[in-house]
Amino acid sequence: MEIVDLAALADEQLALAYEAHSGRHSVTLVGDHDHDLRQTLIALAGGNSLHEHDSPGEATLHVLRGEVTFTAGDRQLAMSAGDFLVIPPARHGLEAVTDAAVLLTVATRGER
């Protein structure tokens with residue numbers, strides 16, 4: 001068992017996001033592509049995004065820091081630190097309005 005300091009990890013990942021060409025950086029905390037449950041901390045420097053993509057399974061998004069815009073189809077949701085969303089089973093994207101860190105949880109139920 002190990003306690004993870006999400007605030008410190010978000011700081012680390014944001015620093016790496018600033019160095020990355022994509023303006024984002026992530027680290028998987030739990031699981032990998034061989035597991036049904038995966039949790040990933042994703043940091044995005046303000047103005048950068050995760051372009052529209054399909055969901056790999058049931059998923060939730062918890063905003064740890066900053067402000068983001070979640071887009072699914074023609075719907076846009078403004079989210080800020082503390083907000084939690086069950087991601088719909090549709091193509092979606094995420095844009096960082098400010099420097100942001102989110103915790104993405106995905107459960108695939110063996111749909112790898």
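**Close-up views of a predicted protein chain**

**View 1. In strand 9, L103 is the bridge partner of L41.** The model is predicted, and local features are reported at pLDDT of at least 70, side-chain atom pairs only at pLDDT 80 or more, whereas totals for chains, interfaces and linings use all residues. Residues are numbered from 1 along each chain as its sequence is written, and side-chain values use heavy atoms, with hydrogens and water left out. Strand 2 (residues 37–44) and strand 9 are paired in the antiparallel sense, over 8 bridges, where pairing requires that DSSP finds at least two bridges between two strands. Strands here are DSSP runs of E with at least two residues, helices are runs of H or I with at least four residues, and both are numbered from the N terminus.

**View 2. The whole protein chain is made up of 1 helix and 9 strands.** Followed along the sequence, the elements of the protein chain come in the pattern α-β-β-β-β-β-β-β-β-β. The radius of gyration of the protein chain is 13 Å, close to the 13 Å that the globule rule gives for 112 residues, so the chain is as compact as a globular protein of that length; this radius is taken over C-alpha atoms, and the rule is 2.2 Å times the number of residues to the power 0.38. The C-alpha trace spans about 40 × 35 × 25 Å along its principal axes. Of the 112 residues in the protein chain, 34% count as buried, a term that stands for under 20% relative accessible area, with exposed being over 50% and partly exposed in between (1.4 Å probe, protein chains only). Among the contacts in the protein chain with a separation of 6 or more, 64% are made by residues 24 or more positions apart, a contact being heavy atoms within 4.5 Å.

**View 3. Strand 4 (residues 58–65) is joined to strand 9 (residues 100–107) by 7 bridges, and the two run antiparallel.** Strand 9 is mostly covered, since 6 of its 8 residues are buried.

**View 4. Strand 7 (residues 84–87) pairs with strand 4 in the antiparallel sense over 4 bridges.** Opposite A59 stands I87 in strand 7, while the residue of strand 7 that stands opposite H62 is F84.

**View 5. T40 is a residue of strand 2 and is buried, with a relative accessible area of 10%.** When residues up to four places away in sequence are not counted, T40 touches S26, V27, T28 and L29, and also V102, L103 and L104.

**View 6. L64 lies in strand 4 and counts as partly exposed, at 27% relative accessibility.** Leaving aside neighbours within four places in sequence, L64 is in contact with L6, L41, A81, A101, V102 and L103. A7 is 57 residues away from L64 in sequence, yet the two C-alpha atoms are 7.9 Å apart in space.

**View 7. E67 is found in strand 5 (residues 67–72) and is partly exposed, at 40% relative accessibility.** Not counting residues up to four places away in sequence, E67 touches M79 and S80 as well as E95, A96, V97, T98, D99 and A100. Although E67 and E95 are 28 residues apart along the chain, their C-alpha atoms are separated by 8.7 Å.

**View 8. V30 has its place in strand 1 (residues 24–30) and is partly exposed, with a relative accessible area of 34%.** Apart from residues up to four places away in sequence, V30 touches L37, R38 and Q39. The C-alpha atoms of V30 and I87, which are 57 residues apart along the chain, are separated by 19 Å.
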